[in-house]
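Please consult the sequence and the model shown below.

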Amino acid sequence: MTLVELVLTGDLARPARLTVPDLLRWPQHRADVSFECATSGIQHHRFAGPRLYDVLADAGPGFDPARRKDRLRFLISVTGTDGHHAVLSWAEIDPDFADAPVLLGVRIDDTPLDAAGPQLVLPQDRCGARHISGITAIRVDGGYRCGAPAAATPGHAAAAPR
């Protein structure tokens, strides 16, 4: 059996290549999830797997630990085998901020996902659009920075920061 590899890249001290058996090294959490799928209605599943936060924190994200808010500019991009793509913010998964229980599911309804690859599970989402099956890549990106406000021109107010 060929195992799907999940590649962790980006602003990480320890980028990695992980399979479902590798993800079993982290503490496993369970979540009963119901979400609305546009094509097949309400879905109910039970997932198990490590929290995304634990896996990414272990990879050493490149934010400055002396600056508590530095981590708020980090984005997490997730891609699946079918090309489906979703983006989360670090603040969504960080225990000091939203602490969303986002999982990298390694089991669905008691069925192992060894061959299919892990799934991104967002129990808090009503809609299943950010659910990613067969994750192949997760990129952590701290390069995002807000721009400076635009300078005022005569007769116009300065642009407000967004």
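Which residues do ring pairs link into a cluster?

## Aromatic cluster

The cluster comprises Tyr53, Phe63, Phe74 and Trp90. The model is predicted, with local features requiring pLDDT of at least 70 and side-chain atom pairs pLDDT 80 or more, while totals for chains, interfaces and linings use all residues. Residues are numbered from 1 along each chain as its sequence is written, and side-chain values use heavy atoms, without hydrogens and water.

Rings of Phe, Tyr and Trp (its six-membered ring) pair if their centres lie within 6.5 Å; planes under 30 degrees apart are stacked, over 60 edge-to-face and the rest tilted. Phe74 counts as buried, at 1% relative accessibility (buried: under 20% relative accessible area; exposed: over 50%; partly exposed: in between; 1.4 Å probe, protein chains only).

Phe63 also forms an edge-to-face pair with Trp90, at 5.3 Å centre to centre and 70 degrees between the planes. This pair links distant parts of the chain, since Trp90 belongs to helix 3 (residues 90-93), 27 residues apart from Phe63. Trp90 is likewise buried, at 1% relative accessibility.

## Overall fold

The chain has three helices and eleven strands, as DSSP runs numbered from the N terminus (helices: H or I, at least four residues; strands: E, at least two). Buried residues make up 39% of its 162 residues.
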